[in-house]
Amino acid sequence: MDVYSKIQHLLADEPSDWLAESKRMEIEENAPWLKTSQTVALRILGRLRELNMSQNELSDKIGISRQQVNKWLKGRENFTIETLTRLGASVGMTLEELVQPFPKHNAMHMQEEKAEH
């Protein structure tokens, strides 16, 4: 495509869907770790409930901002091994326990509980 054609394309009245396409591709590429991040978030939330511990208490315990802990517990964070280890240790869980997938019926139940709170 020559320069003139590129300019005409940029000035076209039709809206571009590059942003939506970019987001779709990012979601597809990140789907495997995103599912694991959601599992970790649900496991930590469940454990906090068992321990009667708040997210604020968790953030104080591991020395991370409340905002960062909140971000982690939304299940959209790509965790490092260090973060997973620190989170697990702070609530008495191993790395293996944190990332172990839920049985399908249990995962849906945990998500419903999360939505209620």
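Reply: Start with Arg 47, which forms a salt bridge with Glu 50. Their closest N and O atoms are 2.9 Å apart. A salt bridge here is a side-chain nitrogen of Lys or Arg within 4 Å of a carboxyl oxygen of Asp or Glu. This is a predicted model, where local features need pLDDT of at least 70, side-chain atom pairs count only at pLDDT 80 or more, and totals for chains, interfaces and linings use all residues. Residues are numbered from 1 along each chain as its sequence is written, and side-chain values use heavy atoms, leaving out hydrogens and water.

Where does this pair sit? Arg 47 and Glu 50 both lie in helix H2, residues 18–51. They are three residues apart, about one turn of the helix. Helices (H or I, at least four residues) and strands (E, at least two) are DSSP runs, numbered from the N terminus. Arg 47 is partly exposed, at 23% relative accessible area. Glu 50 is exposed, at 60%. The cut-offs: buried is under 20% relative accessible area, exposed is over 50%, and partly exposed is in between (1.4 Å probe, protein chains only).

By the salt-bridge rule, the count comes to two. Arg 66 and Asp 60 also meet in a salt bridge, at 3.5 Å from N to O. Arg 66 is partly exposed, with 43% relative accessible area. Asp 60 is exposed, with 52%.

Back to H2, which also holds Arg 43. Arg 43 is buried yet has no salt bridge. The nearest side chain of opposite charge is Glu 50, 8.0 Å away. For charge, Lys and Arg count as positive, Asp and Glu as negative; His and the chain ends are not counted. What does the charged end of Arg 43 sit over? It sits over the ring of Phe 102, 3.9 Å from the ring's centre. That label requires NZ of Lys or CZ of Arg within 6 Å of the ring centre and within 35 degrees of the ring normal. Leaving out residues up to four places away in sequence, Arg 43 touches Met 93, Glu 97, Leu 98, Gln 100, Pro 101 and Phe 102. Touching, or contact, means heavy atoms within 4.5 Å.

Thr 39 is buried, at 11% relative accessible area. Beyond its neighbours within four places in sequence, Thr 39 is in contact with Leu 98, Val 99, Gln 100, Pro 101 and Phe 102. Take Gln 100: it is 61 residues from Thr 39 in sequence, but the two are 7.6 Å apart in space, C-alpha to C-alpha.

Now the rings. The structure holds one aromatic pair. The ring centres of Trp 72 and Phe 79 are 6.3 Å apart and their planes are at 55 degrees, so the pair is tilted. The rule: rings of Phe, Tyr and Trp (its six-membered ring) pair if their centres lie within 6.5 Å; planes under 30 degrees apart are stacked, over 60 edge-to-face, and the rest tilted. Trp 72 counts as buried, at 7% relative accessibility. Phe 79 counts as buried as well, at 13%.
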